[in-house]
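Try each task before you read its solution.

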Amino acid sequence: MRILTGIQPSGTPHLGNYFGAIRSSIDLQAKGETFLFIADFHALTTSNDPKALRENIINLALDWLACGLDTGKTVFFRQSDVPQVTELSWYLSNVTPVGFMERAHSYKDKLAKGFAPNMGLFTYPVLMAADILLYQSNLVPVGKDQKQHLEITRDIAIKFNNQYGEIFTIPEPLTSDNVAVVPGIDGQKMSKSYNNTIPIFGSPKKIKQAVMSIVTDSKGLEEPKDPDSCNVVALYKLFASPEELETMRANYRNGNYGYGHAKLALFDKMQEFFAPMRARRDELAKDLGYVESILKKGAEKAAAEAEKTLKKVREAVGLA
Ligand code: ADP
Ligand code: TRP
């Protein structure tokens with residue numbers, strides 16, 4: 001079984017990204033052959049800053065490798081290192097009704113936000129279908145926002161297969177409905193777009209600043225507090241053992257325990273949890289040549305698979 005997912009290089013990962021996506025993707029490595037790629041072609045649909053894009057790509061590679069991506073199990077590569085995907089995207093475009101794109105929620109959302117709709121943004125789901133179909137993927141872990149893109153992929157694959165024969169595996173989504181939403185420092189869903197994130201890497205000073213600014217009510221130090229309605233506790237739960245969590249909850253109920261104490265406890269736990277990953281990230285960052293070689297090796301493996309599919313597709317459409 002082949003599991004595939006793409007990640008857009010879009011800046012510093014936060015606790016929501018880690019507990020909502022990175023960790024579960026890394027755990028999936030035990031379940032089957034995994035392909036994981038940095039969706040840099042897709043990033044171009046909304047980026048016009050070459051320097052930032054280049055940095056985001058390398059940072060994403062460092063982040064994922066540091067978090068436990070095992071290149072013995074996972075084919076890890078940069079989308080643009082296998083440009084065959086754009087060739088497949090073209091073939092798929094020719095069986096894809098324009099209406100599929102016009103109905104895509106993420107496209108409509110971007111239009112509503114005032115993005116000038118270039119053709120890259122419009123045909124984004126065709127390129128995503130090509131990513132998935134090129135590698136004959138069985139299972140695609142996706143967040144809720146990407147579910148419709150996966151449905152579009154399935155529809156495109158079915159159309160192509162009906163027209164040209166059984167070339168593509170029809171992929172299934174793997175949705176993570178059971179993943180809890182991680183709250184941000186203001187209590188809304190943690191998200192880059194809400195500016196309420198706690199980064200998992202970066203300077204301890206910045207992380208501490210974010211933790212200390214988690215919004216709470218204004219109860220005084222000595223007053224008893226409600227652990228169930230407190231964001232600090234909700235975040236502490238992600239790291240603490242059941243006993244540690246119970247101790248904090250009891251401290252809340254008993255009083256004489258301030259939000260500042262709870263925030264420091266959260267900060268310490270968080271630092272301890274990410275320390276091994278941070279150390280690994282620092283090591284890797286000193287040897288970008290090595291990281292580059294990992295991505296190149298991944299791309300070679302991916303390209304070999306891509307060529308197998310493309311050979312069939314070219315023949316099917318009448319070009320070979
Ligand atoms: P952001 O909202 O910060 O832009 P993305 O949309 O890039 O984050 O999300 C990348 C992945 O992280 C997705 O799979 C998404 O489901 C997951 N994720 C993001 N924020 C959270 C959160 N607060 N709780 C749980 N998962 C999250
Ligand atoms: N569109 C996905 C996102 O923004 C990234 C992506 C590109 C992807 N190609 C993919 C995800 C193929 C899964 C499979 O999150």
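Predicted model: local features only at pLDDT ≥ 70, side-chain atom pairs only at ≥ 80, totals over all residues.

**Exercise 1.** Find how K311 and E315 are placed relative to each other in helix 14.

*Solution.* Step 1: locate helix 14, which covers residues 288-317. Step 2: K311 and E315 are four residues apart in that helix, so about one helical turn separates them. Step 3: check the contact. The closest N and O atoms of K311 and E315 are 3.8 Å apart. The cut-off is within 4 Å, for a side-chain nitrogen of Lys or Arg and a carboxyl oxygen of Asp or Glu. The pair forms a salt bridge.

**Exercise 2.** Classify K311 and E315 by accessibility.

*Solution.* Step 1: recall that exposed means over 50% relative accessible area. Step 2: K311 has 52%, so K311 counts as exposed. Step 3: E315 has 47%, so E315 counts as partly exposed.

Now look at a network. Salt bridges with shared partners join R2, E33, E305 and K308 into one.

**Exercise 3.** Which parts does the salt bridge between E172 and R154 tie together?

*Solution.* Step 1: the closest N and O atoms of E172 and R154 are 3.4 Å apart, and the two form a salt bridge. Step 2: E172 belongs to strand 5 (residues 172-175), while R154 belongs to helix 9 (residues 147-164). Step 3: the pair therefore ties together parts that are 18 residues apart in sequence. E172 is partly exposed at 41%. R154 is partly exposed at 24%.

**Exercise 4.** How many salt bridges does a search of the whole structure find?

*Solution.* The search finds 20. Among them is K73 with D70, whose closest N and O atoms lie 3.9 Å apart.

Definitions and conventions. Residues numbered from 1 in each chain as written. Chains lettered and ligands numbered in written order. Heavy atoms only, no water. Helix = DSSP H or I, 4+ residues; strand = E, 2+ residues; numbered from the N terminus. Buried < 20%, exposed > 50% of the residue type's maximum accessible area, 1.4 Å probe, protein only.
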